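Welcome! Here is a short briefing to read with the structure open beside you. Take it topic by topic, and look up each residue as you go.

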Amino acid sequence: MNTFICNTCGVQTESAESAPEHCLICTEERQYVSPKGQSWTTLEEMVQSNTYKNKILSEEEGLTSFTTVPSFAIGQTAYLVQGENFNILWDCISYLDFATIETIQKLGGIDAIALSHPHYYSTQVEWAETFDAAIYIHEDDKQWVTRPSDRIIFWSGESLEVAEGFTLHRIGGHFKGAAILEWKNGNDGKGVLLTGDIVRVVADRGWVSFMYSYPNFIPLPASTVERMAAQLGEMRFDRMYDAFHRIVVKNAGEAVQRSAKRYVNALNGVLFNT
């Protein structure tokens, strides 16, 4: 029996004797099946290949990033956020080895894992079992869980305080249950927002964007982005980290509002004439 990992999205299945014919995550319009066809691996195969390692960086006080190199699947970054006697892993990556485990243990372990959306579920159960952590996923994305576990807590509503200083907000958009993490004490108390790619920092770091599908270039409706911006406007944060190690270093709240307005203007045909 194996828990297979999709090579395209990096999400792990529940235990089975043989790999599934299709990946639930990839055979959906927000993701894609590789042009080379569906293929699978396992965490054991990844570790034994000696191909991968996790690049671990201290981003700022209380925040450490984990990115697999060479890039695997979607290539997102996970973040360990350290609070007062509570550590939360924001989003997840597929690769987990002894060196990563040892580093995290030195940082105080993981008390909870919180996910922005299904594309980053990866090997979340492996991580949760390794560190004896709970997993927080919004109930609206329950259907996308490919490896069930008693460790998963399906939360409901628009926000959830997981621990003091850590609040999850369901803002939708990319997925119905898409969530972001507000770290109120981060950045010397100015506030940090970790967004996955629910809100994506773009090449010009003073701006962000919003999409239904990034690989397939499907935008969100103007009304959805306006609603998301209104919710984000109620939060206090000065810095933002996205899923691909892009950072709005300061004035991130202003950048979100400015970007949402530009996005809506573009969709409504008033930003440019071409």
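A residue counts as buried when its relative accessible area is under 20%, and as exposed when that area is over 50%. Keep those two cut-offs in mind as you explore this model, which is predicted.

**Helix 5**

- Helix 5 contains 16 residues, and from its first C-alpha to its last it reaches 22 Å, close to the 22 Å expected at 1.5 Å a residue.
- Which residues of helix 5 are buried? They are Ala252, Gly253, Ala255, Val256, Ser259, Ala260, Tyr263 and Val264.
- Looking down the axis of helix 5, you would find its buried residues within an arc of 160 degrees, so they line one face of the helix.
- Just after helix 5 comes Gly269, with a positive phi of about 80 degrees.

- Helix 4 spans residues 222-232, and its buried residues are Ala222, Thr224, Val225, Met228, Ala229, Gln231 and Leu232.
- Among the elements covering those buried residues of helix 4 are strand 11 (166-170), strand 12 (179-183), strand 13 (192-194) and helix 5 (252-267).
- Two packed helices are described by the angle between their axes and the distance between the axes.
- For helix 4 and helix 5, the angle is about 170 degrees and the axes are 9 Å apart.
- Angles over 145 degrees count as roughly antiparallel, and helix 4 and helix 5 are therefore roughly antiparallel to each other.
- On the helix 4 side, the contact is made by Ala222, Val225, Glu226, Ala229 and Leu232.
- On the helix 5 side, the contact is made by Val256, Gln257, Ala260, Tyr263, Val264 and Leu267.

**The open sheet**

- Strands of a sheet pair through backbone hydrogen bonds, either parallel or antiparallel.
- Here 7 strands form an open sheet with mixed pairing, in the order 3-4-5-6-7-8-9.
- Strand 3 (53-60) and strand 9 (152-155) are the edge strands, and each of them pairs on one side only.
- From one strand to the next, the twist averages 25 degrees.
- How many bridges join strand 3 to strand 4? There are 7 bridges, and strand 3 and strand 4 (residues 63-69) run antiparallel.
- Lys55 stands opposite Thr67 in strand 4.

**Helices packed on the sheet**

- Helix 2 (residues 98-106) packs on the sheet and touches strand 3, strand 4 and strand 5 (77-82).
- The direction of helix 2 makes about 25 degrees with that of strand 3.
- Helix 3 (residues 124-131) also packs on the sheet, touching strand 6 (87-90), strand 7 (112-114), strand 8 (134-138) and strand 9.
- The direction of helix 3 makes about 145 degrees with that of strand 8.

- Lys106 lies in helix 2. Is Lys106 buried or exposed? Its relative accessible area is 69%, so Lys106 is exposed.
- The C-alpha atoms of Lys106 and Val145 are 30 Å apart, and these residues are 39 residues apart along the chain.
- Glu126 has its place in helix 3. Because its relative accessible area is 16%, Glu126 is buried.
- Leaving aside residues up to four places away in sequence, Glu126 touches Thr3, Gln12, Leu43, Leu96 and Arg147.

How values were computed: Residues numbered from 1 in each chain as written. Predicted model: local features only at pLDDT ≥ 70, side-chain atom pairs only at ≥ 80, totals over all residues. Heavy atoms only, no water. Buried < 20%, exposed > 50% of the residue type's maximum accessible area, 1.4 Å probe, protein only. Helix = DSSP H or I, 4+ residues; strand = E, 2+ residues; numbered from the N terminus. Contact = heavy atoms within 4.5 Å. Pairing = 2+ DSSP bridges. Axes fitted to C-alpha atoms, helices over the stretch in contact; angles between N-to-C directions. Expected span 1.5 Å × (residues − 1). Arc of directions from axis to C-beta. Parallel < 35°, antiparallel > 145°, perpendicular 65-115°, else oblique.
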